[in-house]
Amino acid sequence: MKRLLCLIGILASISSSVFAQKKLTISGYVKDAQSGEALIGATVGIPAEGAGATTNVYGFYSLSIDPGKYQVVYSYVGFESRTITIELGNESMKKDIELSVQAVEADAVIIQAERADKNVKSTEMSKVELSKEMLQEIPVLFGETDVIKTIQLLPGIQSTGDGNSGFYVRGGGPDQNLILLDEAVVYNASHLFGFFSVFSADAIKNVTITKGGIPAEYGGRLSSVLNVTLKEGNNKYFDAEGGVGIISSRLLFEGPIIKNKSSFMVAGRRTYADALVQPFLNDDIKGNRYYFYDLNTKLNYTFSPKDRLLVSGYFGRDVFKFEDQGSASENPPQFNSDWGNTTLTARWNHLFSDKLFANTVFIYNDFNFTFGAGFNDFNFEVRSAIKDLTLKMDYQYFAGPETDVKFGVSAIHHTFNPSAVDVNFGQDEINVKAPDRLALEYATYAQIEHDLGSRLNINAGLRFSAFNAIGPYRDPVYDQVTDQPTGDTAIYDNWESIQWYQGLEPRFAARYLINTTTSLKGSFTKTNQYLHLASVSGGTLPTDLWLPSSKYIKPQVAWQGAVGLFKNFTDNTYETSIEMFYKPMQNQIDFAPGTNLFFADNIDRSVLAGDGLAYGAEFFVKKAKGKFTGWIGYTWSKTTRTILELSPNPYFPRYDRRHDVSVLASYRFNKAWSTSAVFVYATGIAYTPSMGRFFGYLGIDFDGPADLNPQVLLDVITIYPDDFNNYRLRPYNRVDFSVNYKPQPKIERAWSGSWNFSVFNAFNRKNPYFVYDDTNIEEGINERKMIYFPVIPSITYNFKF
């Protein structure tokens with residue numbers, strides 16, 4: 001804490017020295033002239049003075065200069081630049097600017113959401129920003145534009161499998177990615193068992209993915225930050241847009257509540273295949289269904305030039321039901337599952353001065369799932385959930401053209417419902433419920449970005465985080481010698497501390513400008529993670545359990561160092577980069593193959609922990625302008641885990657992919673017609689094959705009748721080899737194509753429509769997703785591979801009015 005206070009003191013002294021020069025300030029918001037939406041990352045510059053600033057995530061900018069007369073240039077990618085003349089006398093000036101969308105030309109396509117030279121001149125490395133237009137150009141499964149499918153095409157980011165919305169970043173697991181929707185954490189970002197993500201492209205305003213050099217304002221995860229910002233709503237006029245695809249439809253409606261003062265946005269999506277096919281199903285399966293839906297909402301209200309309120313929410317659910325109605329049994333086999341996320345974010349923006357911007361946020365979010373199955377008289381259901389309440393305050397101080405300061409605090413109250421299992425067999429019943437867990441997570445941070453001359457820029461920060469597991473809780477006591485329960489229980493009262501963890505997390509990034517088109521960058525970060533994903537599979541299926549750090553589960557820790565060379569060519573038409581990273585990790589958790597998470601007496605004591613190491617190199621070439629655009633990304637990396645209970649030697653987890661290649665190519669024939677293609681290749685997933693099976697008992701304790709039918713407790717026990725994850729699935733590769741037809745409307749703001757024709761896995765490559773055992777008494781165990789997707793064509797009609 002002393003170090004943090006010292007850093008804040010240094011930042012304050014720097015800011016004071018700059019402020020002491022008595023410069024005047026021009027500040028305000030940069031917005032879209034058509035919708036009134038704030039433009040994130042717009043550039044405000046005074047070329048004659050070499051001074052400039054960029055807008056923050058709410059479109060606000062602040063630029064301090066000496067009194068005088070200046071030409072100020074406002075610019076944003078895809079918009080017409082504006083130049084205005086200002087004269088600063090004795091007072092600072094507030095200037096809000098609206099920019100108009102640039103006219104589309106057939107030979108001037110742009111596929112970037114950042115200013116053209118940001119690849120070279122920004123201090124940020126290992127960070128990519130995506131626009132809605134970029135997302136819509138990429139071939140996707142079933143014609144559904146998807147944020148996570150797009151970022152999986154970037155170097156250093158890998159898919160967890162065909163169609164799956166989980167992703168691995170630089171050797172980390174899917175739980176090590178901080179996924180934010182309007183600042184609210186999304187714990188499970190998947191629909192349709194992982195085939196789609198929860199993010200509806202129509203409602204998205206901006207997407208950024210940071211995989212290294214994570215700023216001090218973010219914490220709680222080791223590997224990356226995926227930050228998705230929703231549209232604010234058009235505050236000038238009403239409009240709508242949506243699409244109709246082969247399995248789902250979507251609709252967005254937005255408009256002003258009070259023109260130029262407040263607005264709303266509502267966006268919904270639902271699959272309808274379950275309803276369409278019902279009339280054509282056999283009686284045996286009629287009534288079975290699967291569907292998902294989600295709803296995004298947002299309201300914003302500007303009270304005054306200094307105060308603004310934004311409220312947004314997400315509500316999504318998946319519902320699955322299957323019943324074999326053709327079974328001869330009186331009670332046929334049936335399966336059902338539902339899961340979903342809910343988030344609610346309320347933000348208050350306040351300007352204390354033309355230099356100090358504040359954002360106070362209250363967040364509610366939860367994720368829960370239920371899975372059940374039954375056959376004859378046997379039925380069971382499992383449940384799990386996690387819920388958070390968050391309060392955070394972030395401040396940005398625009399000290400001067402060379403200095404930008406950020407600092408803030410946050411507090412989170414976690415509620416974990418790890419697992420509950422209900423089993424019924426005839427008249428007998430078992431109820432096994434893991435006790436709820438409560439925890440508090442705190443953080444405070446400060447960071448400064450400063451130009452040290454015209455070539456060197458640094459971003460230095462420090463984050464202090466802490467985690468406190470609290471009561472009420474009943475913790476079984478174990479003998480320190482035999483490691484067996486003693487029969488005693490430690491009882492913790494409400495709010496009583498059970499276990500406390502804390503840590504400092506330094507963050508540093510620097511850029512050295514070799515010339516106007518070339519730079520060297522480097523970064524170092526330390527990150528702590530206090531939440532853990534107990535996964536029953538390698539992906540992010542909804543049966544994953546979130547667990548807090550405890551007496552037995554220590555926080556995960558990672559250090560990451562990265563260096564890179566960045567070069568632009570031909571007036572920023574071509575962007576290239578080479579990055580190398582090295583990331584050692586501590587307290588990485590795993591479970592022995594076959595571990596039954598739901599029936600574990602004390603799941604904390606089933607956790608296996610060890611060290612991890614990931615290192616590699618990423619190569620990226622991007623053509624951002626012209627008729628032909630796209631990128632090529634290649635990653636060479638190596639990831640190992642060392643957990644002695646699983647293997648005496650370091651082993652390769654699922655996250656290890658030695659080679660990963662992605663190619664995206666787009667070509668625009670004219671204003672109406674364009675085509676895109678994607679090629680991906682990845683080293684096969686590491687796995688452990690089984691050697692044999694036999695029947696045994698689950699071995700759980702329960703309070704039930706002594707004559708309970710023992711079949712309820714039967715389980716299949718699998719034997720695995722000593723060489724853990726020493727086998728691999730065959731390499732993955734896939735080619736996708738799409739054609740887009742978007743005729744230009746003759747009348748502005750009239751109905752406009754476009755068609756997307758896509759082919760997923762065009763060459764019908766049979767890529768295995770996972771391996772399972774087909775056990776036969778006579779033939780023994782046969783290893784089989786699960787293949788999800790053959791070639792899949794799709795068509796989608798999009799509209800706007």
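Does threonine 570 count as buried or exposed? In this predicted model, threonine 570 has a relative accessibility of 57% and therefore counts as exposed, the cut-off for that class being over 50%. Threonine 570 sits in the loop between β36 (556-569) and β37. Its backbone has a positive phi of about 50 degrees, although the residue is not a glycine.

Asparagine 260 belongs to the loop between β19 (248-258) and β20 (262-271). Most residues other than glycine have a negative phi, and most peptide bonds are trans. The peptide bond from glycine 471 to proline 472 is cis, with omega near 10 degrees. Proline 472 lies in the loop between β29 (456-470) and β30 (473-478).

The next topic is charged side chains. Side chains of opposite charge can pair when their charged atoms come close. Across the whole structure, a search finds 29 salt bridges. One of them joins arginine 437 to aspartate 604, with 2.8 Å between the closest N and O atoms. This pair links distant parts of the chain, as its members are 167 residues apart. Arginine 437 is in strand β28 (residues 437-452), while aspartate 604 is in the loop between β37 (574-590) and β38 (608-623). Both arginine 437 and aspartate 604 are buried.

Another salt bridge is formed by the side chains of arginine 658 and aspartate 656, at 2.8 Å from N to O. Arginine 658 has a relative accessible area of 18%, which is under 20%, so this residue counts as buried. Aspartate 656 is buried as well, with a relative accessible area of 0%.

Arginine 734 and aspartate 736 also form a salt bridge, their closest N and O atoms being 2.8 Å apart. Arginine 734 counts as buried at 12% relative accessibility, and aspartate 736 is buried with a relative accessible area of 1%. Elsewhere, salt bridges that share partners join Asp182, Glu183, Lys298, Arg347, Lys392 and Asp394 into one network.

Serine 676 is part of strand β41 (residues 673-682). With a relative accessible area of 2%, serine 676 is buried, whereas threonine 570 is exposed.

Definitions and conventions. Residues numbered from 1 in each chain as written. Predicted model: local features only at pLDDT ≥ 70, side-chain atom pairs only at ≥ 80, totals over all residues. Heavy atoms only, no water. Helix = DSSP H or I, 4+ residues; strand = E, 2+ residues; numbered from the N terminus. Buried < 20%, exposed > 50% of the residue type's maximum accessible area, 1.4 Å probe, protein only. Salt bridge = Lys/Arg side-chain N within 4 Å of Asp/Glu carboxyl O.
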